[in-house]
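The following report describes the fold of one chain and its contact with a partner.

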Amino acid sequence: MKKSEGKYEFDLSQLSLKELIDVYNEINSFLKYLDENKLEIGSDE
Amino acid sequence: MNNNFLDFIKKDIEAKKTLISTLPTKTMTNKKKVNSTIDATKGKYLDYADNVRNYINAKKNAIKIPTSDGNLEQLRERVKHLEYVKSLLNPINSYFEKLGFDTLLYEINNYYIFNFHSLNDIINGFLDKFEQAGILLNSDNFDYTCYVNEYMSSFLEVRRSKSGSYARVSEIFEEIYWTNPELIEHIEINFRKLIRTNAKKFQAYIESMQRDVMTTYSIASYEDCLMKLRDAYIELNLASSESLLDICNLALDGAFDIEQYFKDHKIRIAAYSSLIPDKIDYNNEKEMGKICASLEKLKCNVEEYSDYIDFYALFKDFKDQYTSVVNSKEENRSLAAIVAEINKKEEELAKFNRRIGKSSIFDKREMSVKRLKAESVCKAKELYELYKKYDLEYFKDKVIANLSSTMSVSELLELYYSFDYFKKLAMQKVYNITDYNIISEYNDRFDAFATNPRNIVMTGVPIFESSDIPKIIANKYRLNNINLDEDDLSSENLKPLLNKILLILRTNKIENSSISLEQIWFIVKANKLLDGK
């Protein structure tokens, strides 16, 4: 994964097949975590 | 620059989680801040997910699984043709079974039990077979009773017109049914009479077909056909043995868990250590080649034995029925006597029907004619019962011709396979089946078992003697360096045993190929992940 303008530049080809699947799983479970931790906006207490 | 994206992701996720969990959430402003941090992070991670997914997809598509370029279709066709020739040359059965009359007979015979969608199809099936042999039937041939004649005259008219509209035929059936509810049974025995009286023509037709196929396929005799069929099966089995692509597709379909195939997985370790002696080096290609060759054979034997267990009740029923016959060695004289009785009674019935003449069958004024018709139906009913007796004796006669105290399961498989009608009747009785679809399912499984070219154990299993099949199999494979005991072959252990054998055969195949286990695992995982999106 290369991002010329970004801070990091990653080469996915360096990962083993198992690591690729792990990366994808990590990202997806984190996306799920983010959705679950979004807060409901009510009024100021 | 951090080149390991996995490490980066793990650390980054940890840091982001810590940040989010420590952000204040008391006020609405705080909450908005939390949500905006989450949204920003989510945007970035959705971007990551897209990139990784695309990469996984490309990587998966780049893995090329070797495929066999064999001429499978051609080999299958060859086997199919030789099976057809074999069925035509089968020395055990007659033109009756070879033409499939017994299958139609079973259907019309069980019309009420199985509620067939169309009686018309069965009747057309009978008529087709007559026409195939050059025999064109007309309404005069259906003279068993005046009701059969009425119904079949109408049926033949529709058939000749090719309109396919059987509405009027159904109406006639309705009208007749209340006077003569056994109409279908009488149509059946009318067909049986016609088949018997045309026996010579059918026999000649089969003989001409036999000559044709023998010339077409260069077959000298039935034995020659069996040899050619065996060779064709060997070629087909070789070409159609489980390929890497098959293994991959099975893993994709979830037929087995590919994780269990990795070297350090406890299931794989257990499978290897339970079947392969300790002295064998798993990394020695030659030694493992020998083990796998034996396991291939064991797999076939286990599948064959499993089929045997599935149909054991059928074999036992046969044994119970014929043990006294095999011991008495008496000739079966009943069949000829029944045939003579049927001929006599059918002649009487024909005379009787001639007396009825051509009066309308619903003419209620003619009381004497009405009585004659009722008596004709009674006589047909008696004949139907006689035909039932005939069926039992006919099969008994065929059985006796092939019966011996050393008869093997393999011979019985061939016998039942040659007599579809009796095979289905036996299944119906033994398994107490009342649903036609279930009979069909049992029948298909039985036929696959009976014609399985890999059967070998059954040739040595006697019907009338007891035999310890697990012991025979286990002893054979212990000689071939396979750890196997009789317990492994108990009916509840057969499936786990097969799974162990398959695991070893498949891992060995994969490890000796151009593709790795990890690549197959990756394809399976990637497919799951990509499908889930």
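The secondary structure of chain B comes to 24 helices and 0 strands, where helices (H or I, at least four residues) and strands (E, at least two) are DSSP runs numbered from the N terminus. Chain B is more spread out than a compact globule, because its radius of gyration, 34 Å, is well over the 24 Å that the globule rule gives for 533 residues; the radius is taken over C-alpha atoms, and the rule is 2.2 Å times the number of residues to the power 0.38. This is a predicted model, in which local features need pLDDT of at least 70 and side-chain atom pairs count only at pLDDT 80 or more, while totals for chains, interfaces and linings use all residues. Residues are numbered from 1 along each chain as its sequence is written, and chains are lettered from A and ligands numbered from 1 in the order in which they are written.

| Domain of chain B | Residues |
|---|---|
| domain 1 | 5-62 |
| domain 2 | 72-227 |
| domain 3 | 242-310 + 467-532 |

The C-alpha centres of domain 1 and domain 2 of chain B lie 72 Å apart, and the C-alpha atoms of chain B fill a box of roughly 110 × 70 × 45 Å along the principal axes.

The contact between the chains takes 31 residues from chain A and 38 residues from chain B, two residues being in contact if their C-beta atoms, placed from the backbone, lie within 7 Å.

Technical notes. Domains from an automatic or database assignment.
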